[in-house]
Amino acid sequence: MENVCWPYFDPDFDSLPERIFGPTCRVCIDSESMEDCTVVKIDSVNKQGLLLEVVQVLTDLNLTISKGYISSDAGWFMDVFHVKDENGKKLRDHNVINYIQQAIGTTRESTPSPPNARAYTNNVFEADHSSEHTAIEMSGTDRPGLFSEISAALADLHCNIVEVHAWSHNARLACVAYISDPSSDTPIEDPRRLASIEDHLITVLRANTVRSAGGPSQISNREVKTGGFLGGEGAVSNVERRLHQLMLSVRDFDGPRSPSAAGSGLINSEGGSKMVVSIENCDQKEYSIVNIECKDRPRLMFDTICTLNDMQYVIFHASVSSDNDGRAFQEYFIRHSDGYALHTESEKERVIKCLEAAIERRVSEGVLLRLRAENRLGLLSDITRVLRENGLAVVRADVATQGEKAVNAFYVRDISGNEVDMGFIKSMKKEMGLTDLEVITTTTTPTRTIGNISPHERHRFSFGDLLKSQIERFSHNFVAIN
């Protein structure tokens, strides 16, 4: 009998690097060290886009990041975040803590989130409908009443709107909607019907697209896409990240600026600097240093990191913080994905404009309407029609269904730029029969001029000071996470 020999593979061989060097990802959540916040520490093997995915995990839970220190040099990713929950308290819910640890671990491995991931997400508009319904993404030039026209078009096409998110900024509109067949509540998969929906919506979007003399139309990208909204690589994207990408694709950073928008040190009506974005080069280490100072708000860090990532810039070091006056400070050390810093003024100017636009997109001044009503076909069309007939434009919308109820949140402003006449509430209730309607007026709080801030208040942790003096020692000095 002939002897057959086979090579032997130790079953523990795959785990050998981890046994030698330790786990490839450590997540430590400490609610005891700091008096007023929870500290989240991450020590992991690095990969492109990991920082954005980690920040997305935290912001999807509606956590506020008050401070953050990031380093991802030499293939290793080391982060420290100071976070609070929606109520400004430490994290005490063990389900949330366990989810963060699991989600960041699966994010590092690029695997789907665990089945219970959404169970602890506070944001009701983040449900995953990618396989249950048909997704449509739309982008183009905005105009008063356009969102109402889109809603009416979908109703005319007998599409049940399950969820929709829309942003309007600098005369541009980006919208992601989930629809289903109202007769069966299943995805719409008929290619001819999908083509008809696309053609109809493109006609609506192009109704006021002006072709310049001897040049292309204002919006040249594909305005409508059905069958699932896809990120650049074909993977399902986070809805808000996709809205950022759509806005970037229609160049909302080049659009006409609203009177309330301020950037690059422009002064608002109260005399305070609302936003400052600047870029300088650290020639010694071949980094470009992006500095951002603006009014603090939720999801600010997600918005700026998302934009840098989508513009193909890699963040190597960063620090973020906020003060007691509601000001946010962010500092990023970046290079382009090709390994080079930003050297031309035109490239720096473009990055500054895109970051300003990313910060402004989510800032909606005016009146916030929150309403719940019995869901039915055409409900969104009727609501937005009443708003339009009362001279109101929707600048941001989040709509979802919860069982038999439709949950709607709209930021609206007067089309003429005047203060919103609150009399429209009576008109809406009378015509729509709405009983569960909440109205919140949002305003801009005055901020102090930068020149009036004392040197003591200006002093904060800066990676610029650290890197310019002792950057070689940075990785060795970083505290290990147990």
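Good morning. A residue counts as buried when its relative accessible area is under 20%. With that cut-off in mind, consider helix α7, which spans residues 300–310. Of its 11 residues, 11 are buried, so the helix is largely enclosed by the rest of the structure. They are L300, M301, F302, D303, T304, I305, C306, T307, L308, N309 and D310. After α7 comes Q312, which has a positive phi, near 70°.

The mean pLDDT of the protein is 78, and 72% of the residues reach 70 or more. Two stretches call for caution. Over residues 229–237, pLDDT stays under 50, and the model has 19 contacts there beyond four places in sequence. Over residues 465–482, pLDDT likewise stays under 50, with 27 such contacts in the model. Where pLDDT is low, the predicted coordinates should not be read in detail.

Let me now describe the protein as a whole. Its 482 residues include 13 helices and 16 strands. Of those residues, 52% count as buried. The protein exposes about 23800 Å², and carbon and sulfur atoms supply 50% of that area. Among contacts with a separation of 6 or more, 71% come from residues 24 or more positions apart.

We return to α7 and the way it packs. Two packed helices are described by the angle between their axes and the distance between the axes. Which helix does α7 pack against at an angle of about 145°? The partner is α8, residues 345–361, and the two axes are 9 Å apart. In this pair, α7 passes α8 in a right-handed crossing. On the side of α7, the contact is made by L300, D303, T304, T307 and L308. On the side of α8, the residues are V351, C354, L355, A358, I359 and R361. An α-helix has 3.6 residues a turn, so residues three or four places apart point the same way.

A second pair of helices is α9, residues 379–389, and α10, residues 424–432. Their angle is about 145°, with the axes 10 Å apart. Here too the crossing is described as right-handed, with α9 passing α10. L379, D382, I383, R385, V386, L387 and E389 of α9 meet F424, M428, E431 and M432 of α10.

Is I65 buried or exposed? I65 has a relative accessible area of 16%, and therefore counts as buried. Leaving aside residues up to four places away in sequence, I65 touches V55, L58, F81, H82, V83, M301 and V320. One of these, M301, is a residue of α7. I65 and S322 are 257 residues apart in sequence, but their C-alpha atoms are 9.0 Å apart in space.

The next is V176, in strand β7, residues 172–180. V176 has 0% relative accessibility and is therefore buried. Between V176 and I136 there are 40 residues of separation in sequence and 5.7 Å in space, C-alpha to C-alpha.

What does the side chain of E137 make a polar contact with? The partner is the side chain of R242, at 2.9 Å. E137 is buried, because its relative accessible area is 5%.

That concludes my presentation. Thank you for your attention.

Definitions and conventions: Residues are numbered from 1 along each chain as its sequence is written. This is a predicted model: local features need pLDDT of at least 70, side-chain atom pairs count only at pLDDT 80 or more; totals for chains, interfaces and linings use all residues. Side-chain values use heavy atoms; hydrogens and water are left out. pLDDT is the predictor's confidence in each residue, from 0 to 100. Contact means heavy atoms within 4.5 Å. Buried means under 20% relative accessible area, exposed over 50%, partly exposed in between (1.4 Å probe, protein chains only). A polar contact is a pair of N or O atoms within 3.5 Å; within protein, one must be able to donate a hydrogen and the other to accept it, and residues adjacent in sequence count only if both atoms are side-chain atoms. Helices (H or I, at least four residues) and strands (E, at least two) are DSSP runs, numbered from the N terminus. Accessible areas come from the Shrake-Rupley method with a 1.4 Å probe; for residues, only the protein chains shown count as cover. Axes are lines fitted to C-alpha atoms, for helices over the stretch in contact, and angles run from 0 to 180 degrees between N-to-C directions. A crossing is left-handed if the near helix is turned anticlockwise from the far one by less than a right angle, and right-handed if clockwise.
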